[in-house]
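User: I've got a structure to go through before I set anything up. Can you walk me through it?

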Amino acid sequence: MKTEHPDKSFAQRPNGDPRVQYAAIALSLMVFLALFFYARQGRSVYDRDGIGITYETARVLSVLADSTEEDPSAENVLRGSQELELEILTGQYAGQTIQVTNYLSAFYNVDAKEGSKLAVSINTVEEGVYSVSVYNYSRDLWIWGFAGLFALVLFAVGGKQGLKALLSLGITVFCVMFLLVPLLVQRGWPPIPTTLAIVAYTSFITFVILGGIQAKTIAAALGTFGGVLLAGFLAWGACRIVHISGMNMDEAESLLLTAVDNGLKIRGLYICSILIASEGAVMDIAMSISSAVSELRAVNPTLAPQQLFRSGMNIGRDAMGTMANTLVLAYAGTSLNMMIFMYAYDVSYIQLLNTDFVAIEVIRGLAGSIGIVLTVPVVAAVSAWLPRLRPFGD
């Protein structure tokens, strides 16, 4: 007797329809490329081969003299100077050799060795007339190597899914660096709406790449956007109450100088930083809840949406504590030096809580954490009820 196997619903397919997934990815990349070229159109660039300062790579041919010595008062860092013979490896002066004095201090400390590569700054004052100074260690190859190690580990542990994660991460980084930033700086788009659009786009493309177009990925994407939107709204309200804006940030003065030549709007940049920083943690908890609810439905299709919602809430409650810690501790880690400084100088309670820096970091951490917490009911509800709608359900 022939057994009939009914077609699985859209929600029950492991990765949705692959054709729809590939079409969505292709369309998303086309949108990205169109906006990428639009954002960069007409951008003015500096002439790196003309007059002015450029940064190039050089090799130390020999250390001609070394008068450095350890300074016990500064944790034995080297102080003094070195006379170096360098060969310039890149740029318009590649192949030329030059003698450079390398000064070492407690805060500017590049200990050159024969054969090592350095980053140097070259100041061209007129054609063929230039001076060279040591800028820093040459780190680019090591940084790329470390990035390669990350990709290798991701692939070794995650396999095909690891490659998908790497692709989605690359797209997200490119969207922030080469789409969001040019749109804000070059085109003068309003910061908060533009950042929200980038968050929605990167969330969607990430979940589509990782899981295809299906109920759980759409629920996770909607939940991510909802959680980030709530975090941004709460941060905006808090900033209005305590009078914090982009003008309070440490980089505000430099940004103002940058904004003179374009339409950059500074006031919304602080909220934008919160939206971007909270997206990763919100995506994590959104996918965890959505995937868990999807598995519960697959194991027991008779579960009602109310039961699935309660299960999603229980799963979210277990995860949101660690996620909130992740976000707050990330901000605390970047602020550790400032916290040490405040403790060492015994900053008073009133001064502490009324300092711009402290208020900025507290609002950033709390707004992101509240966004994570509020993501739980949003994703639980969407995951529980969305598959009952066509084309997701039966």
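Analyst: One term to begin with: contact means heavy atoms within 4.5 Å. Also, this is a predicted model.

User: Fine. What is Arg-59 in contact with, leaving aside its neighbours within four places in sequence?

Analyst: Arg-59 contacts Glu-85, Leu-86, Glu-87, Leu-89, Gly-115, Ser-116 and Lys-117. Arg-59 itself sits in strand 1, residues 52–66.

User: And how far is the C-alpha of Arg-59 from that of Leu-118?

Analyst: 6.2 Å, with the two residues 59 apart along the chain.

User: Zoom out. How many helices and strands does the chain have?

Analyst: There are 10 helices and six strands. Along the principal axes, the C-alpha atoms fill a box of roughly 90 × 60 × 45 Å. The chain has 394 residues, and 38% of them count as buried.

User: What share of the contacts comes from residues 24 or more positions apart?

Analyst: 70%, taken over contacts in the chain with a separation of 6 or more.

User: Now the cores. How many residues are in the largest nonpolar core?

Analyst: It has 56 residues. Those with the most contacts inside it are Cys-175, Ile-244, Tyr-270, Ile-285, Ile-289 and Ile-372.

User: Which helices supply at least two residues each?

Analyst: Helix 1 (18–40), helix 2 (140–185), helix 3 (191–211), helix 4, helix 6 (269–299), helix 7 (305–334) and helix 10. Helix 6 gives the most, with 12 residues.

User: Pick Tyr-270. What does it touch beyond four places in sequence?

Analyst: Tyr-270 touches Cys-239, Ile-244, Ser-245, Gly-246, Met-249, Ala-359, Ile-360, Ile-363 and Arg-364.

User: What about a second core?

Analyst: A separate core of 15 residues includes Val-110, Leu-118, Val-120 and Ile-122.

User: Back to helices 4 and 10. At what angle do they pack?

Analyst: About 145°, with their axes 7 Å apart. Helix 4 covers residues 215–242 and helix 10 covers 356–385. The crossing is right-handed.

User: Which residues make that contact?

Analyst: On helix 4, they include Ala-219, Leu-222, Gly-223, Gly-227 and Leu-230. On helix 10, they include Ile-363, Ala-367, Gly-368, Ile-370 and Gly-371. The residues of the contact divide into 16 nonpolar, six polar and no charged.

User: Different topic. Where does Val-110 lie?

Analyst: In the loop between strand 4 and strand 5 (117–126). Val-110 is buried, because its relative accessibility is 2% and the limit is under 20%.

User: What does Val-110 touch, not counting residues up to four places away?

Analyst: Gln-82, Asn-102, Leu-104, Leu-118, Val-134, Tyr-135, Asn-136 and Tyr-137. C-alpha to C-alpha, Val-110 and Tyr-137 are 6.5 Å apart, and they are 27 residues apart in sequence.

User: Asn-102 is on that list. What does its side chain reach?

Analyst: The backbone oxygen of Val-110, at 2.7 Å. Asn-102 lies in strand 4, residues 97–104. It is buried, with a relative accessible area of 1%.

User: What else does Asn-102 touch?

Analyst: Besides Val-110, its contacts include Gly-80, Ser-81, Gln-82, Leu-84, Ala-112 and Val-134, with residues up to four places away not counted.

User: Where is Gly-80?

Analyst: In strand 3. Gly-80 is partly exposed at 26% relative accessible area. It touches Ser-67, Thr-68, Asn-102, Tyr-103 and Leu-104, again not counting residues up to four places away.

User: And how far apart are Gly-80 and Val-282 in space?

Analyst: 49 Å, C-alpha to C-alpha, and 202 residues in sequence.

User: What about phi at Asp-346?

Analyst: Positive, about 50°, and Asp-346 is not a glycine. Asp-346 is in the loop between helix 8 (336–344) and helix 9 (349–353). It is exposed, with a relative accessible area of 66%.

Note on methods
Residues numbered from 1 in each chain as written. Predicted model: local features only at pLDDT ≥ 70, side-chain atom pairs only at ≥ 80, totals over all residues. Heavy atoms only, no water. Axes fitted to C-alpha atoms, helices over the stretch in contact; angles between N-to-C directions. Helix = DSSP H or I, 4+ residues; strand = E, 2+ residues; numbered from the N terminus. Left-handed = near helix turned anticlockwise from the far one by under 90°. Nonpolar A, V, L, I, M, F, W, Y, C, P; charged D, E, K, R; others polar. Buried < 20%, exposed > 50% of the residue type's maximum accessible area, 1.4 Å probe, protein only. Polar contact = N/O pair within 3.5 Å; in protein donor to acceptor, adjacent residues only side chain to side chain. Core = buried A, V, L, I, M, F, W, Y, C linked by side-chain atoms within 4.5 Å.
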